[in-house]
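Hi,

Here is the structure I said I'd pass on.

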Amino acid sequence: KKQADKLVADYKYVRSVPMGYSFYENKVTAIMNTENKSKYFMNNIILQLVTFYSYEDLKIVMFTNEENEKDWSYLKYTNHSFSNDKSIRFFATTNEDYKLLAEYFEQEVNYRASLEFKNNIPPKPYYLIVIDDYDRVKRYDFIKTITELDNNIGYSIVILENKMGNLPSKCNNFINLGANSSGILKNSYEKQEQISKRNPPRSRP
């Protein structure tokens, strides 16, 4: 038993191995941190997504505010941030932007929620909704519908937030970016699965 305990302790953290995570399987995810790393982390994820997925298959929807807009402004110019007919840009900063996208997604989400998908595969495009100001968007019905539905209708929500109390009650998947270690907690209210990883040491200048 001592050897087994030592083995667990020695390999509790795995070095230099990427941690896999599916926003499709975990459709509501909070990215939390203590050093404001979440924006850099999310930008890296977005870069990978736009590299490997066509804009016809994936749309990236951004709900932000005037203060944080500069961190995501490059998204305004990507095809992944437009509807296929270029009539809607999926980037909201002002109250008018929020209202426009809310009206668009109220219809889209309600329509998809009424469908029966073949083999449980939702239609294209898939929408990844990134939110860094959840207080401003939580009142819209389409957000409530996505978070409360058990099945995936082609939407995932990623919320950048530092306080658990600000998250929706159905958010039970967390990516925590700590100073010395990072971790993933999935299905925290049911079959809890946790993966931890030590962060590499910072290089000195």
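Strands themselves are DSSP runs of E with at least two residues, helices are runs of H or I with at least four, and both are numbered from the N terminus.

Before more detail, some housekeeping. This is a predicted model, in which local features need pLDDT of at least 70 and side-chain atom pairs count only at pLDDT 80 or more, while totals for chains, interfaces and linings use all residues. Residues are numbered from 1 along each chain as its sequence is written, and side-chain values use heavy atoms, with hydrogens and water left out.

pLDDT is the predictor's confidence in each residue, on a scale from 0 to 100. Its mean over the chain is 85, and 79% of the residues reach 70 or more. Please be careful with residues 192-197, where pLDDT stays under 50. The model does give that stretch 26 contacts beyond four places in sequence, a contact being heavy atoms within 4.5 Å. Where pLDDT is low, the predicted coordinates should not be read in detail.

Now the overall layout. The chain has 6 helices and 8 strands, in the order α-β-α-β-α-β-α-β-α-α-β-β-β-β from the N terminus. Of its 205 residues, 43% are buried; that means under 20% relative accessible area, with exposed being over 50% and partly exposed in between (1.4 Å probe, protein chains only). Taking contacts between residues at least 6 apart in sequence, 67% join residues at least 24 apart.

Back to the strands. In β2 (residues 58-63), 6 of the 6 residues are buried. L58, I60 and M62 cover one side, and K59, V61 and F63 the other. F63 has a bridge partner in β3, A92, and another in β4, I131. β2 and β4 run parallel and are joined by 6 bridges, with K59 standing opposite Y127.

β4 (residues 126-131) is largely enclosed by the rest of the structure, because 6 of its 6 residues are buried. Y126, L128 and V130 lie on one side, with Y127, I129 and I131 on the other. β4 also pairs with β5 (residues 155-160), again parallel, over 5 bridges. There I131 has I159 as its bridge partner.

The residue I'd look at next is K27, in the loop between α1 (2-10) and β1 (28-33). What does a buried K27 do without a salt bridge? The nearest side chain of opposite charge, D150, is 6.8 Å away, whereas a salt bridge needs a side-chain nitrogen of Lys or Arg within 4 Å of a carboxyl oxygen of Asp or Glu. (Lys and Arg count as positive, Asp and Glu as negative; His and the chain ends are not counted.) Instead, the K27 side chain reaches the backbone oxygen of I146 at 2.4 Å and that of L149 at 2.8 Å. Its contacts include T147, N151, N152 and Y155.

E25 sits in that loop between α1 and β1 too, but E25 is exposed, at 65% relative accessible area. Its C-alpha atom is 8.8 Å from that of S156, 131 residues away along the chain.

Cheers

Terms used
Two strands pair if DSSP finds at least two bridges between them. A polar contact is a pair of N or O atoms within 3.5 Å; within protein, one must be able to donate a hydrogen and the other to accept it, and residues adjacent in sequence count only if both atoms are side-chain atoms.
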